[in-house]
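I opened the model to look up a few local features and to note them down one by one. The entries follow in the order in which I went through them.

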Amino acid sequence: MIHNIKYFRGVMLTCMLLCLHAGISSAQNATLSQIHIDEYFSYNSLDSIYRVFNHKYGVKVEYDTAFCKTKKISYWFHSTDAEQAIKITLRNTDYTYKITPDNVVHLVKQELTETDKPIKDPEPDWAQEKPKEKALPPIAVITNDYSGPAQTTHFILSGKIKDRSNGEAVPFCLIRVRGTSLGVTTNADGYFTLLNVPSDTSVLLINYIGFRITEFHLTPKLPKEQLSVELEPLSRSLNEVVITGQRESAMNVNNTEVSTLKMTPQKLAQLPNVGDKDIMRAFQLMPGVSSSFESSSGLYVRGGTPDQNLVLYDGITIYHVDHLYGFFSAFNANAIKDVELYKGGFESRFGGRISSVVEMTSKDGNQKNFNIGGEISLLSFNLFTEIPIKKKWTFIAAFRRSFKGPIYDEIFSKFNSTAVSNASNGGSGGGGGFGGRHGGSNATTPASYFYDLNSKLTYRPSDKDVISGSLFTSTDNLDNGFDLNTPSFLAAQGININIQNSDLTRYGNLGAAVKWARKWNTKLYSNTLISYSNYYSDRDKTNAGTITDASGNTKTFSNGTIETNNLIDYSLKSDYQWNPLKGNIVGFGAFVSYYDIAYNYSQNDTSTIIDRRNYGLLGGGYLQDKIKLFNDKLQLTPGIRWSYFNVTNKTYNEPRFSAIYNFNDKWSFKAATGSYYQFVNRVTREDILSGSRDFWILSDGNRIPVSNALHYISGVSYETLGYLFSVEGYYKVLSDLTDYTQRFNVSPTRINYSENFYTGSGTAQGVEFLAQKKFGKLTGWISYTLSKTRDHFSVYSNSDYPSDQDVPNEFKIILLYKWKRWDFSTTWVYATGRPYTAPSGAYGVTLLDGNTADFFTVTSQNSLRLPDYHRMDISANYNLKTPEGRNIGYIGFSIFNVYNRANVWYKTYQIVGSQIVETDVDYLGIVPNITLSLKLR
């Protein structure tokens, strides 16, 4: 009996297990069609996609690894069943699939007849004329899973464009509705609004430099407001060139701005550099921006000077952009997300400068993951970190500091040896001391360095608001001082010398801002900012000491110059963008700035040459309307900016206008004109013997008038998918410029230290040619600029003469080549030598007190030219990647000035008796550099 019971139980258990197994098998067979996949893939290989299917959704796929690792697709699966997802991945291939009873998907290659081969999806209209497949940019197609008819037509679409890798907003991104002329550009916070979108099944074409061109397919399921689209960075295929003319769309080649260039800081590492990737130096490789001013990171744009270029960092006005005597800029590329250069004819929302604008937008910080990274080169080390704080806060900080490496020492020793040499020869460059060449011992103070710090805290209380606080600070401490003790041969005669030669320069910037950006509705966006900016510069170039003769008589002396310049700028501004109608974008805003600027220049501890401290209040507003007509073929942007300056008690009106006409999808014509005023000026203090210096000062309407410029610009461009050719001409009329010199107020009996400011005018004109290859393994551009810049200061000459920044010819070649993990680049620049004024004779005069003073006569103003400037730089970067193919850094090798060209920087002069001794001061020779860059993600 017991045996029968046990047997029965065994039979029942076996039957239950068989039924359970059958049920599970049946469930598994049904599971494949019941599994729903929600996943976004952007240009991923089928191999990686099937791995996600397996590990995350339990869908097993057996496939040919070689094929699946090379086949890449982009797709957004929205609750797509697994079998349908497999079908989608095999579109446009000669593979089909089979499902085994155990629910494993096997990919099978099939031989198809011509009639059976799958019909490929039609190419987008902008890709019809592709010359070669390898020359096309990488494209991501985000095809949302919907095949029904449109449900909504002619509606307003608004949203935000983000970086998929870190959640950062993508500013100034180009968006167009495919098959129409409807297009728009995102604002600084990544928001966009498209009016009158044809249907909710339209396709958006999205383009931003450094990211894959993206096709985004709308569906009725997607929101019409607060649509979020994520772009895939070009992290695995760096074939896109680092610059592009500002375009409304890479597809239809419609420019939305005149004379505008865009740059992505993430590509700067591909260009050669002296010691650090440099945003401002990269802009100097562009047409219309001079590259022969090697000792200045500031931009000389179309005959303008760096002070005439408005530099904005998150809305903060930056007044000085140099590190280390001007060889490097003060901007850390690791902290910057987007940079745009407006070379002229810029819109009414910008003001306060008469030449150009550089607008920088810093990173908000990674919203998805913690990130940390750093770089070290032969010049400096650079660290940055990005921290997401819960869901609504992000923080980023980047710090860079120099160290006494080979490059720093090369530049520092050049200046130090110049100072010691001038001192040893009694020249004005060193203040007239005794030098080491006579046997004295001198020691240089090893205290020179530079550093900069950038940080930003961002808070997003809602989908419509962004509040951020930005900090920018940079400091240079440059010490060329040395002590000189008694030479041995003088000590043997009982003479004792003790001289302290000071040559200390300390300058920098401190800026901070708080910004509130809000998207009020689909048509209105505002950006309000309050900022503080401080530029300071202190220079002590003096020497003091004692000389005791053999009889015990001691003589004490002290001479030299002391210079201080301090500029404080408090600003508040609010900008609005309103989209009332299709093809109509109205911009308006208001601003107010308070200035406190001091400058003091003294000689020999007793003579104060310049001592000024001025305060000023500047306020006003602007209004402009960007109008598109004739199916967006014609874009007109009239605008007006008006300013009230309390120092002069005057109102200044600045009308502006630009027009762009697109003949077709390749040819376009553009023109712009406008009036521009500048209230804060950097004045050149002429120094013929040892080189001129600059200082910031506030216009007073009298000795220092408010500067003015009129711009006239026109050009034409031809652009295809892979190439851009453009010609652009400009003419500028400058008035109420200011210069300072002492050479006309010196007499044999009296030295007049009155403030010798002089007013003049000028013109700048030129033509720029650009040919650019944008895609492929080999990219780059060739540019040529023919220009003429003239000044007219009656104190120097009765006729026009070349300005200090006049460079008639500039030719530039920039080539970049991608090979496997290597990025190679080379640049070559040629420029006509810059003009200068030199002493032509010297004589000595006995003053009333019995002392003798040396004086000199000079040549005609800027009648001489330095030798022509040319230089070649090369670089090679090896990209470091994880096994999954993610970039985590690079090792970079670069050589600056490959063939060691001795380009003359400036000339110094010393009066020895009645003779003038001329000395060339050269720029850097050949400088190699190695950089290691690493980041967590």
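Predicted model: local features only at pLDDT ≥ 70, side-chain atom pairs only at ≥ 80, totals over all residues.

I began with β4 and strand β5 (residues 104-109), which pair in the antiparallel sense over five bridges; strands (E, at least two residues) and helices (H or I, at least four) are DSSP runs numbered from the N terminus, and two strands pair if DSSP finds at least two bridges between them. Within this pairing I noted that Lys-98 has His-106 in β5 as its bridge partner.

Residues are numbered from 1 along each chain as its sequence is written, and side-chain values use heavy atoms, with hydrogens and water left out.

Next I traced the open sheet of three strands, whose order is β2-β5-β4 with mixed pairing. Its edge strands, each pairing on one side only, are β2 (60-62) and β4 (95-99).

I then moved to β29 (496-519), which pairs with strand β30 (residues 524-548) in the antiparallel sense over 24 bridges, and a hairpin of four residues joins β29 to β30. In this pair Val-514 stands opposite Ile-530 in β30. Strand β27 (residues 465-479) also runs antiparallel to β29, joined to it by 15 bridges, and there I found Val-466 opposite Ala-517 in β29.

Val-514 and Ile-530 came up again in a nonpolar surface patch of about 970 Å², whose members include Trp-516, Trp-520 and Tyr-594. For such a patch, residues need over 30% relative accessible area and no salt bridge, and nonpolar side chains (Val, Leu, Ile, Met, Phe, Trp, Tyr) are joined within 5 Å, like charges within 9 Å; a salt bridge is a side-chain nitrogen of Lys or Arg within 4 Å of a carboxyl oxygen of Asp or Glu. Accessible areas come from the Shrake-Rupley method with a 1.4 Å probe, and for residues only the protein chains shown count as cover. Tyr-594 lies in strand β32 and is partly exposed at 34% relative accessible area, where buried means under 20%, exposed over 50% and partly exposed in between.

Last, I looked at backbone angles. Most residues other than glycine have a negative phi. Phe-172, in the loop between β7 (153-163) and β8 (174-177), has a positive phi of about 55° and is buried at 9% relative accessible area. Lys-820, in the loop between β44 (809-819) and β45 (822-831), also has a positive phi of about 55°, but counts as exposed at 63% relative accessibility.

Conventions:
Buried < 20%, exposed > 50% of the residue type's maximum accessible area, 1.4 Å probe, protein only.
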